[in-house]
Amino acid sequence: MTFFKKLKDKMTGQQNEEKSEKYKEGLTKTRSSFSGKLNEIMARYRKVDEDFFEDVEEALIGADVGFETVMDLIDELKQEVKLRNISDPREVEGVIVEKLVAIYEGAGDAEPVLNIQENGLTVILFVGVNGVGKTTTIGKLAHQFKSEGKKVVLAAGDTFRAGAIDQLEVWSERAGVDIIKHAEGGDPAAVVFDAVQSAKAKGADILLCDTAGRLQNKVNLMNELEKVKRVIAREIPDAPHEVLLVLDATTGQNAFVQAKQFKEATDVSGIVLTKLDGTAKGGIVIAIRNELEIPVKFVGLGEKIDDLEPFDATDYVYGLFADLIDQKAEK
């Protein structure tokens with residue numbers, strides 16, 4: 001069975017097909033830009049030479065796959081082309097797909113899942129700078145958990161940004177879940193403390209905690225995050241069970257820099273990449289996973305309440321190369 005047939009077989013069944021189509025639709029901008037450039041390169045060259053690899057390298061970097069990742073990938077492509085004695089540029093496109101899947105899956109956590117506690121309260125802390133879609137992400141996840149029959153509480157811990165508490169309250173009403181809040185400008189750690197107490201008293205399954213996206217400087221922000229984490233851990237020793245960093249995919253390399261900074265300052269267990277449907281630089285998923293070794297756990301593929309999808313490496317690569325994969329799987 002060929003690689004592409006195996007890839008396609010992973011996406012059989014009604015539920016998987018629907019999910020794959022979501023990725024295909026959500027990654028349209030990246031696919032049309034990235035695949036379009038690759039198609040131009042494949043059509044322009046009659047043979048695989050150094051100039052060909054330079055153009056492929058430029059296309060990968062343009063999709064924000066990441067400099068180090070691209071360099072490694074190009075080296076592997078050259079070795080594979082030599083090993084298989086490939087002379088037709090069109091055949092290299094298939095090898096690129098194989099290598100991108102291998103890069104993500106080789107880093108581990110190919111199908112990352114949330115650390116949900118079977119018994120007791122699961123506490124998830126959300127971090128990230130202002131404007132990345134953090135509050136919206138919390139609201140969408142609250143809706144998902146509620147739909148699964150879980151009892152959810154929200155903690156309005158971003159007390160510094162004007163309107164953040166009101167915005168989260170709108171999401172709590174929309175999702176039909178409880179919210180714990182204090183006055184604007186209050187102590188975020190105190191809000192989270194009250195939220196933990198309330199969630200425990202109500203027998204809640206999930207507590208989703210918003211946090212400030214920006215204080216006066218990075219040191220203040222990180223100190224505030226550490227204080228919130230200490231308060232949670234004092235009440236529930238193994239919590240928070242997840243620290244999810246929310247990033248805006250449309251910012252490309254800026255998202256990568258933010259991930260690097262937050263990783264250095266706090267224990268990030270996973271990433272939520274929002275607005276992936278709005279960017280032509282969807283390769284940032286690969287760069288973050290490969291160079292920072294942080295799994296992407298959710299991706300935003302649209303604006304609707306159910307358009308936040310658990311990340312799947314196979315569906316992601318399918319979204320990038322849908323036409324090529326469909327074509328080769330049929331052969």
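Author: Contact here means heavy atoms within 4.5 Å. Helices (H or I, at least four residues) are DSSP runs, numbered from the N terminus. This is a predicted model: local features need pLDDT of at least 70, side-chain atom pairs count only at pLDDT 80 or more, and totals for chains, interfaces and linings use all residues. Residues are numbered from 1 along each chain as its sequence is written, and side-chain values use heavy atoms, with hydrogens and water left out.

Reader: Which residues in α11 meet α12?
Author: Gln253, Phe256, Ala259, Lys260 and Lys263 do. Their partners in α12 are Ile284, Ala287, Ile288, Glu291 and Leu292.

Reader: At what angle do α11 and α12 pack?
Author: About 30 degrees, with the axes 10 Å apart. Axes are lines fitted to C-alpha atoms, for helices over the stretch in contact, and angles run from 0 to 180 degrees between N-to-C directions. That makes α11 roughly parallel to α12 (angles under 35 degrees count as such).

Reader: Why is α12 largely enclosed?
Author: Seven of its nine residues are buried, so the rest of the structure largely encloses α12. Buried means under 20% relative accessible area, with a 1.4 Å probe and protein chains only. Among the buried ones are Val285, Ile286 and Arg289.

Reader: What follows α12?
Author: Glutamate 293, with a positive phi near 55 degrees.

Reader: New topic. What does leucine 273 touch?
Author: Leaving aside neighbours within four places in sequence, leucine 273 is in contact with residues including Ile284, Val285 and Ile288. Others include Leu247, Phe298 and Gly300.

Notes: Helices (H or I, at least four residues) and strands (E, at least two) are DSSP runs, numbered from the N terminus. Angles under 35 degrees count as roughly parallel, over 145 as roughly antiparallel, 65 to 115 as roughly perpendicular and the rest as oblique. Buried means under 20% relative accessible area, exposed over 50%, partly exposed in between (1.4 Å probe, protein chains only).
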